[in-house]
Amino acid sequence: MTESRTSRPGTAGREAAPRYRGWIGQVTRSPLYAGTIGVLAASPRARLVLLVIVPLAWIVTFNIGPIYQMGRISLMQTYPAPDSGAVLTLDNYRLFFREPLYFMPFIRSLIFAALVTVVTLIVVYPVAYYVAKVIRPQNRKRALLLLLVPFWAGEIIRTFSVIMLLANRGALNYLLREVGLIDRPIPMLYTYFSLSFGVVYLIALYMLLPLYSAIEKIPSQLVDAAADLGAGPFERFRRVILPLSKDGIVSGCSLVYLITIGVFTAPLLLGGPNTVIFPEIIAALFHASNDKWPAGSAFSILMLIVSLSTVGLFMKLVGGRSVRLS
Amino acid sequence: MNSFASRYFTDLPKTALSASYWIFVIYLLLPLSLMMAMSFKEASFIAFPIQSWTLDWYAKVLQDQQFLGAVGYSIFIAVATTVIALIIGVWIALLVAAEGIWGRAMIFALACLPAVVPGLINAISMRIFIRVLDIPTGTGAIILGHTVHAVPFVVVMVLTRLRSMPHSLTDAARDLGADNFVAFLRVTVPYLAPALAGSAIFCVLSSIDDFVRTFFLGGYQPTLPMLIFAKVQGGMSPEINAMATIVLIVTAAVGLYAEHFTRRSKA
Amino acid sequence: MQPVVQFRNVNKLYGAMPAVADLDLSIAPGQFVTLLGPSGCGKSTTLRMLGGFELPTSGEILLDGRDITRLPPNKRNVNIVFQDYALFPHLTVGRNVAFGLELKGLRSDAIHRRTMELLALVQLGDFADRLPSQLSGGQRQRVALMRALAPDPDVLLLDEPLSALDAKLREQMQIELKSIQQRTGKTFLFVTHDQEEALTMSDVVVVMNGGRIEQMGDPHTLYASPRSRFVANFIGQSNLFEAEVMGLEGEMAVLSWNGHTVRARRNGNSPATGARVAFIVRPESIYCLGQTPGDAFAVPGRIGQRIFKGSHTTLEIELPGRQNVTAQLDPQALARLDGDDVLVGWRWENAVVLAD
C-alpha cells in the first residue's frame, strides 16, 4: 500500500472539466465551487491542509484542551485566578494525600472497580461462551440480541429499574415476605450490594461483547484437537479456550474497569451514605462554589492517571494481542 | 460439526452454561420488566404488590408539557450532535487512513481519548473548558459535550469500513475525471454508508441516553434523562415508570430496527 | 492377529440422511489404511466416529478389542491429524508436540526428551521455540503429525492432511508419511479423495461411496481388479465396454462384444449366459498395431487425438460403432505406428468383468 494517491501523473480531470449530472454536477460547475473547494481540491498542498487542519484543530481543542485546562486549574490556589495573577501550587494534590476523607473513597473506588470487574468477568464469561460456542450458529444472533435489548434503555432508566427490584417495598422484599422468609424488609437499597448490582447491570455489555467476539473466533477444531490429545473439559478450557480468549478478557476488563471507576449515575441513585466512592467526592467539589474547582481538578487528574495507568499495566502484564489466530 | 457441543460435550457443562445464560437474561430483563409493570399501577406511590391496574399514568405523561418538551429537546440535541460528530468523525478517519501522514498512530490515539477517559472526568473537564472559554451552560455546551464524546466512536466505525475500501475505487473515479472532493462525494461517501448509518444510530442513542455530561453541562431546560432524574429525586410515582417505559420502548425499537438494518446491509 | 480397529455394523444418520451405512471394517495393526472416496462418501464421518467427535446412530466401534463407541475423544487412545492442522496458535512448536504428553502426566524431562526426539525425526529440532505462525505449510504439517504421534496412540488418524499443500510438497510429504509410518510401526488410518495419494502410500485402500464400502484391498488388486464401475472409474482411468455373456470358462468369461468374441477375467463374478455385463481395460493395456494384425486380437480404429504426456502419449481412438477407446503408448510403440488407421486390441487377462 505504498502507492501514493496524490502523485498520479497528469490528473486528467483538471483540464477537461468533468461533467456530472445531478446536483453534484451543478455544484461543481458553479463558479462558487470552482473558486473555493475546486481550487483547494485541485492543489495537492491545499488538499493536504484541508485534510489535516480540521481534525487536528478539533483534537487539540476538544480532546486535549479540556484535560489541559483541568490540569492547569488543578495547580491554582483559587479559581478564577485573582487579578494579581495565578499562583501555581501543588497544595491541591497534597490535600488529597493528607485528608482521609478524600483518600479513603479513592481507595474504595479502586477496590470497588477491581471487584466489579472480576465479578463481571466471572458472571459474563460463561454467558459469552454459551452464546459464542454452544448455541447453534443460526440462533446465535437472536440469543445475543436478547442480551443487548436491555442496554438500549439509557443509564438512568436502567439504574432506576434496579430500585423496583431492591427497594424496601420492591419486588424482591415483597417476594421474600410472601414466602415467609422475612418479617420486615431487608434494606438492600443504598448499600454496596445495590450499588454493585446496579453497576454490573450498567456495564455487563462492555464485558459481554469483547468476550463474545474473542471466543467466537476460536476455531472449534482447536478444541477438538485438545480433546483428541487427552484434555477433558477443564483442561480444554484452561489450556486452549482461556488463553485464546485473552484478547477479549483484556479489553473487556479494561473497559469495565474504566467505566466503573468513573461511574456517576449508580452511586447517585443506588448508593447511600456508607457507599461514598470517589466520583461523588469529585462531583460534590464541582457542585459547590468555584473555590473548590482546583481541588476537584487535582482529584480528577489523579483519578485519570491512576485509572489509565492501572489499565495500561494490566494490559502489559496480561499481554493483550500477543496471540493472533492465523 | 462446527459446534463444540457436537458430541463429546457431556451434558453437565452444557446444562450449566445454558442455565448461566438464562439466569443472566433474567437478571437483565427482570428489573426493566418490573419497572414497566409498575407503570400500570393504580396508586400514586411505587411499591409492590400491584393490586389494580390503570393506563392513567400514560395519559398523564402524554399530556405532560414538561415531558413532551424534554423529548423534543433531547431529539434536537441528538440530531445536532449526530450531524457534527459524523462530519468531524469522517474527517478524522480520512486523516488517519491517509498515507504518508506523519504520526498517524498518535493522532488516532488522541482522537480516541474522550472514549477512554472515564465519563465523569470527561464531563468535568468539559465543564471546566466551557467555563474557561466563557461558553454558558445549556444547549450549546451539551451538544459540544455529546459530540466530543461521540466522535471517537464514529472515527473507529468509519475507519474500519474505510480500511476495507479498495483503492481502485477512488483511483477509478479520478481517472474518469473527478477531482478529489468530487471523488470523495461520489465514491467514498456511498461506500461508507453502512458505517455512517451505524455511527448515526450510535450518536443518536448515546446522546439521548447521556446523563453525566448533560448533568454538568446542562442549563435549566431538562433533557429526558435529566427530567427522569429530577422526578426520581423529587419523590417517586408510577408516572416516572410510564415515562421511562415510553422512552425504553422507542429506543429499543430504534435499536432493533438499526440492528436489522445493519445486518441487512452486511449481507 | 487381532484387529486394532473394528467397526461393527456402524450406521450414522444426519437427520434422515445416512452418512455411513452398515459399515463393517477391521484394520490390522501396523498397516497404512486409506479411506478413499469422493466428498460426502462417509469417509470423514467414519474417521470422526473413531476419533470420538461423532456418535454412531447404531453399531459399535472397538479399539484393541474394547468397545469405545461412547467414549469422549480424550478417553480414547487415538489421535488425529486435522485437515488444517489445528495447531495451537498460542503455544510454541515444542509445547504443541508436548500437549498430549503433559496431559498424560509425564515428568517434564521425559516430556522434553520425547518432544525433541519427535521433532528431530522430521528435522524440526531447531524450531521447538517458534510459534506455528512462523512455520511454512509443510512444517506445520510435520508438527501436527508429531503432536498426534507423541502420546503413542493405538491408531493415528489423518483427515486429508495433505490437501492444503501444493502439488510438489504433497508428493514429498507422501513419501515422508509412508516412511514415518514404517519406522514407527503405527497403524495409520488416512482419509483422502485423491486416488493417487491412496495408491502411493497405502497397504490397504478402502473405497467408499454413498456411506458404504465399495471395495477394499491392496492398491494393486484395486487397480487391476476393480469390482464395480465406481471403483474402476475412481481409481485410474479405464475403457468400459458393454458385452453379452456367452459362457464361462474357468476364471474367464467368454463375451460377445461388437460382434467379436472376446474373453475377460471373471473376477469372482458368475454372470448367467445371455446377460449383459460391463468389462474394463486400462489404457496402458491397450495395444495398437500397424496394419498387420498377426494372430493377436485386434479391431480397426482411427486415431482421433494424440495427447503428449511426456513419458507416454495418450491416444483417443475411434472404433466402429461410435465407441471410443483411450490408449496409452510409450514412445517406441508410438513410433511403430504409421498413419492414423490402426488396429487396436488387448490381452484377455487385462480385461476384467465388473459386478454391475
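In which strand of chain C is the place of Gln215(C)? In this predicted model, Gln215(C) belongs to strand 10 of chain C, which runs over residues 212–217. Gln215(C) counts as buried because its relative accessibility is 3%, under the 20% cut-off. The side chain of Gln215(C) reaches the backbone nitrogen of Arg227(C) at a distance of 2.7 Å. When neighbours within four places in sequence are left aside, the contacts of Gln215(C) include Val205(C), Val206(C) and Val207(C). Leu222(C), Ser225(C), Pro226(C), Arg227(C), Ser228(C) and Val231(C) are also in contact with Gln215(C).

Chain C is divided into two domains, domain 1 covering residues 5–227 and domain 2 covering residues 237–353. Six residues from domain 1 of chain C and six residues from domain 2 of chain C take part in the contact. The C-alpha centres of domain 1 and domain 2 of chain C are 39 Å apart. About 530 Å² is buried between domain 1 and domain 2 of chain C, with carbon and sulfur atoms giving 36% of that area. On the side of domain 1 of chain C, the most area is lost to domain 2 by Tyr223(C), Ser225(C) and Pro226(C), which together account for 75% of what that side buries. Ser225(C) and Pro226(C) are also among the residues in contact with Gln215(C). Between domain 1 and domain 2 of chain C there are six residue pairs in polar contact, both residues at pLDDT 80 or more, and zero salt bridges.

The UniProt annotation "domain: ABC transporter", from an unreviewed entry, covers residues 5–235 of chain C. Over this span the chain is 36% helix and 26% strand, and the end C-alpha atoms lie 25 Å apart.

Most residues other than glycine have a negative phi. Tyr85(C) is found in the loop between strand 6 (78–81) and helix 2 (93–103) of chain C, and counts as buried because its relative accessibility is 7%. Asn267(C) lies in the loop between strand 13 (260–265) and strand 14 (276–281) of chain C. At 21% relative accessibility, Asn267(C) counts as partly exposed.

In chain A, the UniProt annotation "transmembrane region", again from an unreviewed entry, covers residues 48–68, 106–132, 144–167, 187–209, 248–270 and 298–318. Residues 48–68 of chain A are 100% helix and 0% strand, with the end C-alpha atoms 27 Å apart. Residues 144–167 of chain A are 71% helix and 0% strand, and their end C-alpha atoms are 29 Å apart. Chain A is divided into domain 1 (22–63) and domain 2 (92–318), whose C-alpha centres lie 44 Å apart.

The interface of chain B and chain A was also examined. Here 94 residues of chain B are in contact with 102 residues of chain A. The size of an interface is often given as the accessible area lost when the parts come together. Between chain B and chain A the buried area is about 9,200 Å², and carbon and sulfur atoms give 76% of it. Helix 1 of chain B (residues 11–38) gives the most to the side of chain B that touches chain A, with 17 residues. Seven residue pairs, both residues at pLDDT 80 or more, are in polar contact across the interface of chain B and chain A, whereas the count of salt bridges between these chains is zero.

Key. Residues numbered from 1 in each chain as written. Chains lettered and ligands numbered in written order. Predicted model: local features only at pLDDT ≥ 70, side-chain atom pairs only at ≥ 80, totals over all residues. Heavy atoms only, no water. UniProt positions renumbered as here; feature names shortened; annotations may be inferred. Helix = DSSP H or I, 4+ residues; strand = E, 2+ residues; numbered from the N terminus. Domains from an automatic or database assignment. Buried < 20%, exposed > 50% of the residue type's maximum accessible area, 1.4 Å probe, protein only. Polar contact = N/O pair within 3.5 Å; in protein donor to acceptor, adjacent residues only side chain to side chain. Contact = heavy atoms within 4.5 Å. Buried area = accessible area lost by both parts, 1.4 Å probe. Salt bridge = Lys/Arg side-chain N within 4 Å of Asp/Glu carboxyl O.
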